[in-house]
Amino acid sequence: MFAESPESPKRVVVVGAGWAGLGATYHLAKQGYDAVLLEAGSHPGGLVAGWKTAGGRSVEAGIHGFWYPYKNIFGLADELELSPFTPWTRSAQYSPAGLEVESPIFQNEPLLPTPLGTFLYPQFRRLPFIDRLSAFPMLYALIDFDNSHEAWQRYDSITARELFKQYGVSARLYSDAFNPMLLVGLFAPGEQCSAAAALGMLYYFILAHQPNFDVVWCRGTVGDRIFRPWVERIEKAGGTVLSDRRVSDLILDDTGKATAVVCGDLVFEADAVIFAVGITGMKKIVSGSPSLQSRPEFRNLNNLGAIDVMATRLWCDRKVAIPRASNACFGFDATTGWTFFDLNSLHDEWRDEPGTVIEADFYHSNQLMPASDEEVVATVKNYIATCIPGFREAEIIDSSVVRLSQAVTHFFPGSYQYMLPAQTSIENVFMSGDWIANRHGSWSQEKAYVTGLEAANLVIDRFGIGSKANIIPVEPDEPHIDFGRKLNQNLREIGKAFLPDFWLP
């Protein structure tokens, strides 16, 4: 137990050492708080941490991209004086029929009003132009969905597939473009994805601004390149990072405020608590916590779900030419999307490796999870060889298979109503993570980091101590999109004034 003297700074216990937890802890430590970060695993990082195999080879729980709009994460890397990223990379997409599309580095192309650049610059090999044109009616939905609470309520109750069908998207465009984006962006097929989440994800990563789809990758594991030096900086600022601390309960006083976090036999006193874990981890904490179970908002988390992911890494006996370092794939399994990466090009560690090192990650990998490692490796080799024929002659000399059960957020239809805001009904308990309902507009790792900063700012608001974190907002809408949204909102307001409110949202 941590003792506290009357002169001690306010103690904030942060639960979960991923992007959100590290972000909150770092900022609060810099502001003079006694920030204690508890991580259930053996090392910080959550799903993006890396580790070594028994043979000393680096592996991680999947490869994570860093997209053009990740301004806050890029700013963090600059502050930490790190250079962890590759240059901007081109990508390709494959199906069992072969190469489907190659994407340029969009920021290097002449700038066009959104979404024309996204529509015109990718080099589609098989998708007919008439099918691509069928996407244009979707512009209204993108304008109507402004990431507000009301917009989420309107669109969250239907599936993404229903939305695309409603707006006349062709079957070919859906199966060859939109559904593959959902499989690797929201990690589930369109019939299992919320239309609201699909609109938010597609707008942020692809459609808001022409360069948004541009991506860089970490030049090694995120754990080595970013998280370990970040933890050192946290500790230098006065924060405490403790691994192997699995939270089991929260202690509330008679007024309903949190006073401590329980980890088995250990009790960590707290003036405030920030939860920064994924849905599966949060549900486990609630399941063992009578204090949280007494609150309907936390009981309702049992309505939320997560998706299985499988990360594989193959070491080959020879070099195989892979045209693009990052590649997305569809059509190999009906409900599974996957990506593969040339780690000789992306990771410094493997740049001079005599053979090819491939990472292949599978999302919504339910049917693969029970398979043996040998079956998985054989499947992966066959799939990659379908995309890159030269891979057929390669021999696998080593491999790693990492199964991540219920690992990433499932934004299914109707899930929004159960997602918590940053401020909970417990006045000194705050939430963060990529599944929290917030209005920033970012997604994935950037959203997790931003929500960690937002939670830290709520702590600062509560105690009036320190300066708030500067959170870079998403880039404003382009003028024609902004005009369309304002016009649409005005028409909605007029409609509410003159028409009865009896339609479903």
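In helix α17, Ile 481, Gly 484, Arg 485 and Asn 488 are buried, meaning under 20% relative accessible area, with exposed over 50% and partly exposed in between (1.4 Å probe, protein chains only). These residues lie on the same side of α17 because they cover an arc of only 95 degrees around the axis, the arc being that of the directions from the helix axis to the C-beta atoms. The model is predicted, so local features need pLDDT of at least 70 and side-chain atom pairs count only at pLDDT 80 or more, while totals for chains, interfaces and linings use all residues. Residues are numbered from 1 along each chain as its sequence is written, and side-chain values use heavy atoms, with hydrogens and water left out.

Turned away from the buried side of α17 is a face with the exposed residues Pro 479, Phe 483, Lys 486, Ala 497 and Phe 498. Among the elements covering the buried residues are α5 (138-144) and α9 (195-207), where contact means heavy atoms within 4.5 Å. Helices (H or I, at least four residues) and strands (E, at least two) are DSSP runs numbered from the N terminus.

Turning to the strands, six of the eight residues of β16 (residues 326-333) are buried. Strand β6 (residues 91-95) pairs with β16 in the parallel sense over four bridges; pairing requires that DSSP finds at least two bridges between the strands. With β17 (residues 336-342), β16 pairs in the antiparallel sense over five bridges, and two residues separate β16 from β17 in a hairpin. Ala 328 of β16 is the bridge partner of Gln 93, and the bridge partner of Ala 328 in β17 is Thr 339.
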